[in-house]
Amino acid sequence: GDGPILTVRAGNKLAFTQSSDYLLINRGSQIIADGSPTAPITFSSFSDLVSGTADEESIAQWGGVVINGNGITNKCSDAQRASDACHILSEGKPSNYGGDNNAESSGILRYVVVKHTGFEVADGDELNGITFNAVGSGTVVENVQAYSTSDDGFEFFGGAVNITNLIALYVNDDSIDYADGYVGTITNALVIHGLSSGNRC
């Protein structure tokens, strides 16, 4: 269905106070986070944005950003997609993603920084900086950064979202991870590991 749209204005900083907090955009909804070079949008923890005590080793202070799209995942069959029965369980607390529209739009992320993420918000589920669940190519993602996360920086489960100018700094697991039939593109990526942390690109 047509869900609500979350709009975050350029320059805004959103501080999450609980480690179990995370931002979830469900299927049919959109996030419009359209920052600029001089006014980026920041999603981070209270200790980073308010108390100023976080550093590059401060991880898992909140969950992260999860976007559930209506795109294609190979976890569903053609028959399931045709009958609107593709409902894959997302990481985190129960929500679903998947469909038959790799061109769908889940909104805009432009000049967005996501910091200090990766808390285990559900048993066995550590979230990433940004998780793209079957997000379509109609979604605009440009100039995004994941900074200090205990799990992956950016993870793609199916879908076809394209990213231009991706930065992953001090990610403790995979900086860029994709699976389940992801067919999008990543144009220009910079990955920098910490001195004592980091797994692989």
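Mentor: Start with Lys-115, which counts as buried because its relative accessibility is 19%. The cut-offs are these: buried is under 20% relative accessible area, exposed is over 50%, and partly exposed is in between, using a 1.4 Å probe and protein chains only. Bear in mind that this is a predicted model, where local features need pLDDT of at least 70 and side-chain atom pairs count only at pLDDT 80 or more, while totals for chains, interfaces and linings use all residues. Residues are numbered from 1 along each chain as its sequence is written, and side-chain values use heavy atoms, leaving out hydrogens and water.

Now look at the partners of Lys-115. Its side chain meets that of Asp-48 in a salt bridge, 3.3 Å from N to O. The term needs a side-chain nitrogen of Lys or Arg within 4 Å of a carboxyl oxygen of Asp or Glu. Lys-115 sits in strand β9 (residues 107-117) and Asp-48 in helix α1, so this contact ties together parts that are 67 residues apart in sequence. Asp-48 is buried because its relative accessibility is 16%.

Lys-115 has a second contact, with a ring. Lys-115 lies over the face of Tyr-147, 5.2 Å from the ring centre. The rule asks for NZ of Lys or CZ of Arg within 6 Å of the ring centre and within 35 degrees of the ring normal. Tyr-147 belongs to strand β13. At 17% relative accessibility, Tyr-147 is buried. Thr-187 is 40 residues from Tyr-147 along the chain, and their C-alpha atoms are separated by 19 Å.

Next, the other salt bridges. The structure holds four salt bridges. Side chains of opposite charge can pair when their charged atoms come close. In one of them, Asp-78 meets Arg-81, with the closest N and O atoms 2.6 Å apart. Both residues lie in helix α2 (residues 78-82), three residues apart, about one turn of the helix. Asp-78 is exposed at 58% relative accessibility, whereas Arg-81 is buried at 16%.

Glu-142 bridges to Arg-110, the closest N and O atoms being 3.1 Å apart. Glu-142 is in strand β13 (residues 140-149) and Arg-110 in strand β9, so the bridge ties together parts that are 32 residues apart in sequence. Glu-142 is partly exposed, at 29%. Arg-110 is partly exposed too, with a relative accessible area of 21%. Shared partners join Asp-34, Arg-110 and Glu-142 into one salt-bridge network.

Move on to the rings. The count comes to five aromatic pairs. Rings of Phe, Tyr and Trp (its six-membered ring) pair if their centres lie within 6.5 Å; planes under 30 degrees apart are stacked, over 60 edge-to-face, and the rest tilted. Phe-16 and Trp-62 are stacked, 4.1 Å centre to centre with 0° between the planes. Phe-16 is in strand β2 (residues 13-16) and Trp-62 in the loop between α1 (46-49) and β6 (65-68), so they tie together parts that are 46 residues apart in sequence. Phe-16 and Trp-62 are both buried.

Phe-132 and Phe-156 are also stacked, at 5.1 Å centre to centre and 10° between the planes. Phe-132 lies in strand β12 (residues 130-133) and Phe-156 in strand β14 (residues 154-157), so this pair ties together parts that are 24 residues apart in sequence. Phe-132 is buried, with a relative accessible area of 0%. Phe-156 is buried with 0% as well. Ring pairs link Phe-132, Phe-156, Tyr-178 and Tyr-182 into a cluster.

Last, the open space. The largest pocket is lined by twelve residues, and Arg-27, Asn-70, Asp-84, Gly-98 and Gly-99 lie nearest its centre. A pocket is an open set of points on a 1 Å grid over the protein atoms alone, where a 1.4 Å probe fits, with protein on both sides within 12 Å along at least five of seven lines; lining residues have an atom within 4 Å of a point. The lining divides into two nonpolar, six polar and four charged residues. Asp, Glu, Lys and Arg count as charged; Ala, Val, Leu, Ile, Met, Phe, Trp, Tyr, Cys and Pro as nonpolar; the others, Gly among them, as polar.

Note on methods
Helices (H or I, at least four residues) and strands (E, at least two) are DSSP runs, numbered from the N terminus.
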